[in-house]
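This briefing goes through a few features of one structure. Have the sequence and the 3D view open while reading.

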Amino acid sequence: MALVRRDGSPSTVREALAGGWRELALYLAAGVVYVAIGVAAPEFLFSWVVAAGYLLLLVVALPFVIRRFRP
Amino acid sequence: MSWAAHDLEPYVIQKELGKRVAFVPLLVGSYAPDLLSKWFVYGVTLAGFELKADNPAQFHRGWPGFGFTHSLTFGVLIGLLLYLVWRNKVVAYSFVIGHWAHALTDTGDTVGTMLFFPFTDHLFSLGAWAYAGQTGRYTDAGAYFSGLGFVWDGVFVVWGILSWRVLTRGYFRTTVMAADPFWGWAGRYLSESTLIALYRASFFYGIGRWTAWLIWAHLVRAFPLDLRWGGPRWVPRVYADELNSAPACRCPGCGSQTARLGFYGAVAVVAVAKGRSSSVREALRSAPRRGRRRWRKPRP
């Protein structure tokens with residue numbers, strides 16, 4: 001059975017998780033924090049730009065900074 | 001109005017149409033009807049002055065007002081403009097698909113949308129959940145997440161999660177980037193991880209805000225849940241027949257709730273029956289000739 005479908009996506013959830021569980025965990029953690037902030041301060045939930053900026057900060061910028069300064 | 005469906009619809013459409021659509025115009029189309037008008041519906045305060053529409057529902061969905069942005073014709077017009085600028089059919093019709101998804105989704109509330117403006121300013125409305133934009137965004141959020149609106153968004157949350165494959169890195173590389181020129185251009189300046197995060201941002205926003213508003217409305221603020229058609233009944237609602245020239249309109253869409261439900265029910269039954277009859281016709285056509293019984297008029 002092919003591991004990758006014609007559209008480029010993995011053929012099973014297991015295949016998808018094998019390659020990207022760390023990434024998924026990062027997004028889920030970002031999501032949980034986003035929901036928590038949103039419930040505490042709903043103003044945070046109104047803007048797409050704020051959400052996209054927040055996501056970029058948590059899943060791109062933060063890991064980059066950690067990798068860069070890790071001894 | 002919808003609070004998460006417009007964020008998630010593009011991913012569901014992307015899953016169904018694959019390389020035949022370009023994601024960014026699809027997403028922009030999905031946001032387009034509210035892009036210029038929503039802030040004025042809820043109001044903003046600038047330097048001590050409050051800017052807000054006198055009649056938010058009329059401004060948002062009606063004519064005179066910005067309601068024309070929710071018409072199917074407006075989507076086609078902007079799609080044509082995009083085609084003239086980019087000369088790319090996929091970009092143009094992806095925008096139209098996203099825009100139409102928004103306009104059709106918004107027919108679910110009690111105000112509805114002027115789908116066929118400028119040919120008619122009639123507001124097409126299913127009246128499933130209350131339009132309460134005039135009450136301000138917090139009450140509107142509480143009302144929306146206490147009625148059938150959040151259930152409708154929930155359909156897209158589940159459908160979006162079932163379409164998880166469109167969120168994978170491989171799908172993005174093979175399908176999304178191949179169909180949409182935006183990503184190739186943006187890829188010259190940004191890393192792949194950044195592009196993928198941007199691509200997933202609306203999905204993240206839709207699921208995140210749906211969950212957060214639901215928790216906020218029922219655990220933090222305790223808005224009463226009312227899943228009746230047209231609910232919640234505790235919020236002051238605006239109906240289609242209060243806008244435009246609707247009071248003079250006698251059609252079932254502008255009539256009572258029961259008549260409206262009956263009308264749409266009849267349309268659904270006819271649509272299903274028509275689908276069945278055409279499938280029966282197809283089956284008969286493809287059936288072997290021998291043994292097929294022909295109906296004959298009985299002799300008197």
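A residue counts as buried if 20 or more other C-beta atoms lie within 10 Å of its own. The model is predicted.

**Helix H8 of chain B**
- Helix H8 of chain B runs over residues 148-162, which makes 15 residues.
- From its first C-alpha to its last, H8(B) reaches 21 Å, close to the 21 Å expected at 1.5 Å a residue.
- The buried residues in H8(B) are B:Leu148, B:Gly149, B:Phe150, B:Trp152, B:Asp153, B:Phe156, B:Val157 and B:Gly160.
- Helix H1 (5-17), helix H7 (137-144) and H11 of chain B are among the parts that cover these buried residues.

**B:Pro25**
- B:Pro25 sits in helix H2 of chain B, which spans residues 23-35.
- B:Pro25 is buried because 29 other C-beta atoms lie within 10 Å, and the cut-off is 20 or more.
- Leaving aside residues up to four places away in sequence, B:Pro25 touches B:Leu82, B:Val91, B:Ser94, B:Phe95 and B:Gly98.
- B:Phe68 is 43 residues from B:Pro25 along the chain, and their C-alpha atoms are separated by 19 Å.

**Where chain B touches chain A**
- On chain B, 25 residues are in contact with 21 residues of chain A.
- Helix H9 (169-179) and helix H11 (192-220) of chain B are the elements that give two or more residues to this side of chain B.
- H11(B) supplies the largest share, 16 residues.
- By type, the residues on this side of chain B divide into 12 nonpolar, 9 polar and 4 charged.

How values were computed
Residues are numbered from 1 along each chain as its sequence is written. Chains are lettered from A and ligands numbered from 1 in the order in which they are written. This is a predicted model: local features need pLDDT of at least 70, side-chain atom pairs count only at pLDDT 80 or more; totals for chains, interfaces and linings use all residues. Two residues are in contact if their C-beta atoms, placed from the backbone, lie within 7 Å. Helices (H or I, at least four residues) and strands (E, at least two) are DSSP runs, numbered from the N terminus. Ala, Val, Leu, Ile, Met, Phe, Trp, Tyr, Cys and Pro count as nonpolar, Asp, Glu, Lys and Arg as charged, and the others, Gly among them, as polar. A residue is buried if 20 or more other C-beta atoms lie within 10 Å of its own, exposed if 12 or fewer, and partly exposed in between; C-beta atoms are placed from the backbone. The expected span of a helix is 1.5 Å times one less than its number of residues.
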